Amino acid sequence: MQNSAGMGNVVGSRSTSPSEESTPGASSADLGTATPRSRRRGSAPTSDIEIEDIWHRFKLNTHRLAHRTQVTLRGISGAADTSASFTLDGDFLARYSHKPSPFGFNGLGEIVYQRSYARLHASRRREQWAETVQRVVTGTFRRQQAWMQQQMLPWDSARAQREAQTMYDKMFAMKFLPPGRGLWAMGSALTERRAVYAALNNCAFVGTGDMWDAGGRPSAPFGFLMDASMLGIGVGFDTEGARAAARLGRTVCRPQGAPVHVVDDSREGWVESVARLIDAYLMSGEGCGAFDYSRVRAAGQPIRGFGGVASGPAPLEQLHVRIRRILDAHVGRPLSVTAIVDLMNAIGACVVSGNVRRSAEIAFGAADCDEFLDLKDYAKNPRRAEFGWASNNSVFATLGMRYGDVVRRLVANGEPGLQWMQNARAFGRMGEATTRDCRVAGANPCGEQSLESHEVCCLVETFPARHASLQEFLETLESAFLYAKTVTLLPTHWPQTNSVMARNRRVGTSVSGVAQFIAQRGVGRLSEWLRAGYRHVQATDTLLAERFGVPRSVKTTCVKPSGSVSLLAGATPGMHHPEARFCVRRVRLPRTSDLLAAVRRAGYPVERDLVDDSSMVVEFPIDYGEHVRSLPQVSLWEQMSLAALLQRDWADNQVSCTVTFDPLVEAAAAQVEHALEYFQYALKSVSFLPRMEGGAYKQMPYEAIDSKEYMRRVAGVDPAALRGASAASLGDPEPERFCTNDECAL
């Protein structure tokens, strides 16, 4: 590791206890900043100069302390600071201009990159991988530079250049990758000119228990979810607002009349229209008249900045109708658990209408609430079928509970999942008790991040199996964590969110390709790397917190389920095993995509989408690697054991674990129930997925094939032909919307 990077001599070789792992120290020399020579404790200052120096340091420390607890982040809450001028060295960049991009999976990674992350140049040419990495790294260090300037902290240009070059190399080689949202947005006009920093975050959670508080708007949690979802942030929410309504005696009212409201053609305009309508029902005396949609752009028009095309006003009109229908049925009664989930799901259905946006939701309810447990039973709730799919549902499980009622439902359709808030609040990594995160109230849609209400979080992904040594992996963790910590410096347009972010600085440093690493090196070596990596992340956080003048991150590591980002690197997603070593992976492209010509030219099979007439389906052959075990070979108990190992050795946030099981096995329900009774003390969250028989429906995302079929398909394609796919483009890519794994994305 390079000491010159400022983070290279943090961790020594001696063994440490768990408590030492979570609280490493750091010297001022590590930070590259000068400090006054230390004085023996109790001695008095001996000169006016020394007194002045003490006063200067006191003011500086007071300024830093005040900054750590401020609600809004001074200086960068408006437009982005354009004075930051960091650039990567030209000679350094020249070394990568002709290097082949290391995309994985026989061209699949290349097409996913071109479809989702390659931005347009002014000439209408798409970026190449080296240019995307340059944009992201430059944007990251310009945001750091702007922060240091605005906080009047020292900026070390030489160190920044070294660290930026290291980050560039690690990203180019796909040793780590920012989230898809970061690949798409960081360094673009969205962050450099418009300062829409919220779009860099993956996930959020909002509670409903305080929606009735005096001085607020009951619509606030619903508006937050809609606003965040339209930015592509996946949002979790609870149903505590129903209990609060019953306790406070708050009932749904009939809206008063009001003038026509003209809906503005913007994200804010759509959100405000929904908030007005909900408040008219939940706040006595509030009025809401008809809506005028004439300003909303017509369907098919381009959405500048965020990519994609407009859906027209129809989805919003339908959402307004659904909200009225849901709340009309509750007039004179308290808002129910079902109504809260219905409203959130109706919003989610609107956001993803017309394939214009992708997002994710998760609803949390009490484990003993039959009303919540039956929300996905469309035989009992047939009207919910039109929008109930918009969220995954999980229960707040309590340690020691009986799991029979929950298991009976999840064996049928995989829901609900389970979230143990007692473990999330009481532990970092399991076994390491802490009170530093006792305010978490829920989790994100895929379950890898426990979060406070209104908190957002940035996730970053590392690939241990792509490293030759532990030392190389530790160096990669420095760059990965530096990217994510930088995102925590950037404010959103939600003051309440900024308040939580400024205090927590939560980061989710993840590992993917776990199944491939186990196949290469074994479980024992995985545990060794994870423990050493966690210690190194804590030490790196200490250095960066002191450098940026912010608190250490309340938590730092997780295991995310991954999605398209792992496809770029040719990695298995998160901790999960593949359906088979050899697979066909199907990807959907719009019929109008300029990438289709290159795909056909390269020999990949293309066919009409049987579900969506506006899309085409492309098939890619995949080999996950020698000795990688497939899901049918990995038992329910082994999957949960691996999740527990990751929660113990690596994740102080959470592990996103979807346990696949065979529902046709006679004892499946009993096995799931018994497993939960044991693993409730080792996990923070878990979900289950009944295994679907191969070929259960046409054009499944993954389909197992044998080695002979794989070799036949590989012989017929030329991945190199895809490199000309970006010669010209019709428009900016549609970004990844939160997580794009098959379980979480809408």
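How many helices and strands does the secondary structure of the protein come to? The count is 26 helices and 18 strands, taken as DSSP runs (H or I of at least four residues for helices, E of at least two for strands) numbered from the N terminus. This is a predicted model, in which local features need pLDDT of at least 70 and side-chain atom pairs count only at pLDDT 80 or more, while totals for chains, interfaces and linings use all residues. Residues are numbered from 1 along each chain as its sequence is written, and side-chain values use heavy atoms, with hydrogens and water left out.

**Stop 1: the whole protein.** Color by burial: of the 746 residues, 58% are buried (under 20% relative accessible area, 1.4 Å probe, protein chains only). Among contacts (heavy atoms within 4.5 Å) between residues at least 6 apart in sequence, 79% join residues at least 24 apart.

**Stop 2: the largest nonpolar core.** Select Leu418 and Phe688, which touch the most other members of this 184-residue core. A nonpolar core here is a set of buried Ala, Val, Leu, Ile, Met, Phe, Trp, Tyr and Cys residues joined through side-chain atoms within 4.5 Å. Next, select residues 337-351: this is helix α14, which gives the most to the core, with 11 residues.

Now center on Phe688. Beyond its neighbours within four places in sequence, its contacts include Leu410, Gly414, Leu418, Leu636, Met640, Val672 and Leu676. Apart from this core lies another, of 13 residues, among them Cys203, Phe364, Ala443 and Cys558.

**Stop 3: α24 and α25.** Select residues 636-649 (α24) and 668-679 (α25): they pack at about 20°, with axes 11 Å apart. Axes are lines fitted to C-alpha atoms over the stretch in contact, with angles from 0 to 180 degrees between N-to-C directions. The two helices are therefore roughly parallel (an angle under 35 degrees). On the α24 side, show Leu636, Trp637, Met640, Ser641 and Ala644; on α25, residues including Gln671, Val672, His674 and Leu676. By class, this contact has nine nonpolar, three polar and no charged residues.

**Stop 4: α20 and α21.** Finally, select residues 514-521 (α20) and 523-548 (α21), whose axes lie 7 Å apart at about 120°. That makes α20 oblique to α21. Show Val514, Phe517, Ile518 and Arg521 against Val523, Arg525, Leu526 and Trp529.

Definitions and conventions: Angles under 35 degrees count as roughly parallel, over 145 as roughly antiparallel, 65 to 115 as roughly perpendicular and the rest as oblique. Ala, Val, Leu, Ile, Met, Phe, Trp, Tyr, Cys and Pro count as nonpolar, Asp, Glu, Lys and Arg as charged, and the others, Gly among them, as polar. Buried means under 20% relative accessible area, exposed over 50%, partly exposed in between (1.4 Å probe, protein chains only).
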